[in-house]
Amino acid sequence: SAAEKGGYDYFMLKEIAEQPKAVADTLLGRIDAAGSLTLDEVRIPASVLREVDKVVIVACGTAYHAGLIAKYAIEHWTRIPCETELASEFRYRDPILDPRTLVVAISQSGETMDTLMALRHAREQGAKVLAICNTNGSTIPRESDAVLYTHAGPEVAVASTKAFLTQLVACYLVALYLGQVRGTKWGDEILSVIRDLSEIAGEVEEVLETMEPVRELARSLADKNTVLFLGRHVGYPVALEGALKLKELAYMHAEGFAAGELKHGPIALIERDVPVVVVVPSPRGRSVLHDKIVSNIQEIRARGARTIVIAERGDEAVRPYADHLIEIPATPVLLQPLVATVPLQVFACELATARGNEVDQPRNLAKSVTVE
Ligand code: AGP
């Protein structure tokens, strides 16, 4: 009913708007007065976490994209090797697991069969499993050794939005906590990122307030056949997520690429007027990547593509090559997906509406996939 949708036309719009609160709620009570993380609820003793020598993340769809981003954070802040794998592929390739492996299973519903089978396989091999889940008491957390709940509240729309942002927050918390418990040379950075995380809900809100031009742009592309998405570093999974949202909702051909791969094939797809969304890393910090992606944008624009650029506010270097510039607030490099994904959700939702599609219930899809 309209009341359940809180005055929005679709659950998806309501859930996109709820993201600042979902992010804040997922952080609530997990940072102490001294600015350290308190994840005692996870109930895996620090002594066990210190012994972990490999992290393996398993998940499907959007949750998998959160897991891909987590890999960057975990390896950077903890120096523990981390791999992220599609849950549906995991157990079929005889993965190497032992009691020092920490498997992280990410699932909004907690009922996804592929993810459940992957975690059962991991436990049979003696690995410890930590679930990141949005649904209290669901099967995946019940069968795991430990759980870190996301507090997005119920997500009704089939296309995942607020659950994704909270999965990212939970992944950052796990990465930072592992770093904190084990003590790495990134101690100061960890403390400062925890501080930045507490501000991030406000930044997501800021992005939401500036989305009208994105909606307008989406409507103007309603008759296109293809949209391509490029990103690099943590922007690469963001590109994959932007493409998945568009497939699910707009039923358009959409593909996400690592920008560095362009010259290895995908650039052949670039032709006049193809919309290409580019997620640009911050010009601060890892600026080498920033400069490389700026030259990618120049290359595709020279071939006539219509460039839709998501970049940090004040990034003047991209402006001359952006047919459409979507500005996002500055964040620490690894946290950028929390703000960069939001315009892509709004973009897909508006394109779906413009094409007359059913936003909350896309064809052929179910909210939770309980078969393998
Ligand atoms: C997201 O928009 C999708 N509908 C889908 O990819 C989803 O993320 C996937 O099926 C995993 O679901 P889960 O998080 O409930 O396990």
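Tutor: Two strands pair if DSSP finds at least two bridges between them. Helices (H or I, at least four residues) and strands (E, at least two) are DSSP runs, numbered from the N terminus. Residues are numbered from 1 along each chain as its sequence is written. This is a predicted model: local features need pLDDT of at least 70, side-chain atom pairs count only at pLDDT 80 or more, and totals for chains, interfaces and linings use all residues.

Student: How many bridges join strand 1 and strand 3?

Tutor: Look at Lys54 to begin with. Its bridge partner in strand 3 is Thr101. The two strands pair in the parallel sense, and the number of bridges is five.

Student: In what order do the strands lie in the open sheet?

Tutor: Five strands form this sheet, and the pairing is parallel. The order is 2-1-3-4-5.

Student: Which are the edge strands?

Tutor: An edge strand here pairs on one side only. Residues 82-86 make up one of them and residues 146-149 the other. They are strand 2 and strand 5.

Student: What does the twist average from one strand to the next?

Tutor: Axes are lines fitted to C-alpha atoms, for helices over the stretch in contact; angles run from 0 to 180 degrees between N-to-C directions. From strand to strand, the twist averages 20°.

Student: At about what angle does helix 4 run to strand 2?

Tutor: Helix 4 lies across strand 1 (54-59), strand 2 and strand 3 (101-107). Contact means C-beta atoms, placed from the backbone, within 7 Å. Helix 4 runs to strand 2 at about 170°.

Student: Which strands does helix 6 touch?

Tutor: Helix 6 spans residues 113-124 and packs on the sheet. Its direction makes about 165° with that of strand 3. It touches strand 1, strand 3 and strand 4.

Student: How many of the seven residues of strand 3 are buried?

Tutor: Buried means 20 or more other C-beta atoms within 10 Å of a residue's own, exposed 12 or fewer, partly exposed in between; C-beta atoms are placed from the backbone. Across the protein, buried residues make up 52% of the 372. Strand 3 is largely enclosed by the rest of the structure, because its buried residues number six.

Notes. Contact = placed C-beta atoms within 7 Å.
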